[in-house]
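Reader: Walk me through this model, feature by feature. Give me the general idea each time, then the case at hand.

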Amino acid sequence: MEEVPSLVRERFARLSAPRQAHVERVAALLKALTRHHRLASPEAAWLAGYGHDLFREESRESLLAEAARLGVAVGAEEREEPILLHGPVAAAWLKQAGLGSPEVWEAVAHHTTAGPRLGGLAKALFIADGVEPGRRYPGRERLYDLAFEDLEAAWCAVVEESARYLEGRGLRLHRKMAAARAECQR
Ligand SMILES: [Fe+2]
Ligand SMILES: [Fe+2]
């Protein structure tokens with residue numbers, strides 16, 4: 001946590017205790033995955049982990065306002081469900097603050113929807129967010145282990161798990177998640 005920039009630490013401190021605990025588990029897992037698969041520097045992993053949910057507890061109105069302020073694109077899916085903006089808004093906020101790098105912004109921006117042609121850090125963050133030990137669903141442990149054995153296989157499995165979960169609740173898939181899934185099925 002000492003390695004996290006103070007601006008990020010300040011915003012992190014405003015999150016609820018359960019969210020902070022989730023973020024810490026994701027950051028630790030992302031750092032471990034990043035080291036194991038040699039995906040990025042520990043600093044990049046730490047920043048992506050600690051930065052990914054900084055805007056998760058903002059209201060829908062505030063997310064739309066921040067998106068407008070930071071120039072984040074708002075598509076039909078985001079207008080319908082502004083919570084989807086918490087990743088892209090956090091990425092744009094980090095960028096504006098001069099923190100991170102393109103790989104960190106890509107990872108943070110896509111941690112909810114996934115997306116096509118993502119780099120290793122982005123795939124690892126999406127996986128870490130989905131399989132961290134605080135999540136409860138059948139098969140989570142298997143996906144956690146798979147993340148260390150085979151990152152690509154874990155990525156496609158977590159994308160599939162997320163897509164099926166959303167479809168099971170009668171929700172339309174974000175175009176970026178549909179594209180990630182299609183890429184895995186090729
Ligand atoms: Fe999130
Ligand atoms: Fe998260």
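Author: Start with secondary structure. Helices (H or I, at least four residues) and strands (E, at least two) are DSSP runs, numbered from the N terminus. This protein has eleven helices and zero strands. Keep the source in mind: this is a predicted model, where local features need pLDDT of at least 70, side-chain atom pairs count only at pLDDT 80 or more, and totals for chains, interfaces and linings use all residues. Residues are numbered from 1 along each chain as its sequence is written, while chains are lettered from A and ligands numbered from 1 in the order in which they are written.

Reader: What pattern does the protein follow along the sequence?

Author: The pattern reads α-α-α-α-α-α-α-α-α-α-α. The radius of gyration is 15 Å, close to the 16 Å that the globule rule gives for 186 residues, so the protein is as compact as a globular protein of that length. That radius is taken over C-alpha atoms, and the globule rule is 2.2 Å times the number of residues to the power 0.38. Along the principal axes, the C-alpha atoms fill a box of roughly 40 × 35 × 30 Å.

Reader: What percentage of the 186 residues is buried?

Author: First the cut-offs. A residue is buried if 20 or more other C-beta atoms lie within 10 Å of its own, exposed if 12 or fewer, and partly exposed in between, with C-beta atoms placed from the backbone. Here, buried residues make up 41% of the 186.

Reader: Which share of the contacts joins residues at least 24 apart?

Author: Two residues are in contact if their C-beta atoms, placed from the backbone, lie within 7 Å. Take the contacts between residues at least 6 apart in sequence: 57% of them join residues at least 24 apart.

Reader: Now helix packing. At what angle do α6 and α7 pack?

Author: Axes are lines fitted to C-alpha atoms, for helices over the stretch in contact, and angles run from 0 to 180 degrees between N-to-C directions. Under 35 degrees counts as roughly parallel, over 145 as roughly antiparallel, 65 to 115 as roughly perpendicular, and the rest as oblique. Helix α6 (residues 86-96) and helix α7 (residues 102-109) pack at about 155°, with their axes 7 Å apart. The pair is therefore roughly antiparallel. In α6 the contact is made by Gly87, Pro88, Ala90, Ala91, Leu94 and Lys95; in α7, by Val104, Trp105, Val108 and Ala109. Sorted by class, these residues are eight nonpolar, one polar and one charged. Ala, Val, Leu, Ile, Met, Phe, Trp, Tyr, Cys and Pro count as nonpolar, Asp, Glu, Lys and Arg as charged, and the others, Gly among them, as polar.

Reader: Is the crossing of α6 and α7 left-handed or right-handed?

Author: A crossing is left-handed if the near helix is turned anticlockwise from the far one by less than a right angle, and right-handed if clockwise. The crossing of α6 and α7 is right-handed.

Reader: How do α2 and α8 pack?

Author: Their angle is about 140°, with the axes 9 Å apart. They are therefore oblique to each other. The crossing is right-handed. Residues making the contact include Leu29, Leu30 and Leu33 of α2, and Leu121, Ala124 and Leu125 of α8. The contact has eight nonpolar, three polar and one charged residues.

Reader: And at what angle do α10 and α11 pack?

Author: Helix α10 (residues 151-168) and helix α11 (residues 175-185) pack at about 135°, axes 10 Å apart. That makes α10 oblique to α11. The crossing is left-handed. Cys156, Val159, Glu160, Ser162 and Ala163 of α10 meet Met177, Ala180, Arg181 and Cys184 of α11. By class, the contact has six nonpolar, one polar and two charged residues.

Reader: Where is Lys176, and what is it in contact with?

Author: Lys176 lies in helix α11. With 19 other C-beta atoms within 10 Å, Lys176 is partly exposed. Leaving aside neighbours within four places in sequence, Lys176 is in contact with His110, Thr113, Ala114, Gly115 and Pro116.

Reader: Last, the backbone. What is the phi of Arg38 and of Arg117?

Author: Most residues other than glycine have a negative phi. Arg38 has a positive phi of about 50°, and Arg117 a positive phi of about 55°. Arg38 sits in the loop between α2 (17-37) and α3 (42-51). Arg117 sits in the loop between α7 and α8 (120-131). Arg38 is exposed, with 7 other C-beta atoms within 10 Å. Arg117 also counts as exposed, with 9 C-beta neighbours inside 10 Å.
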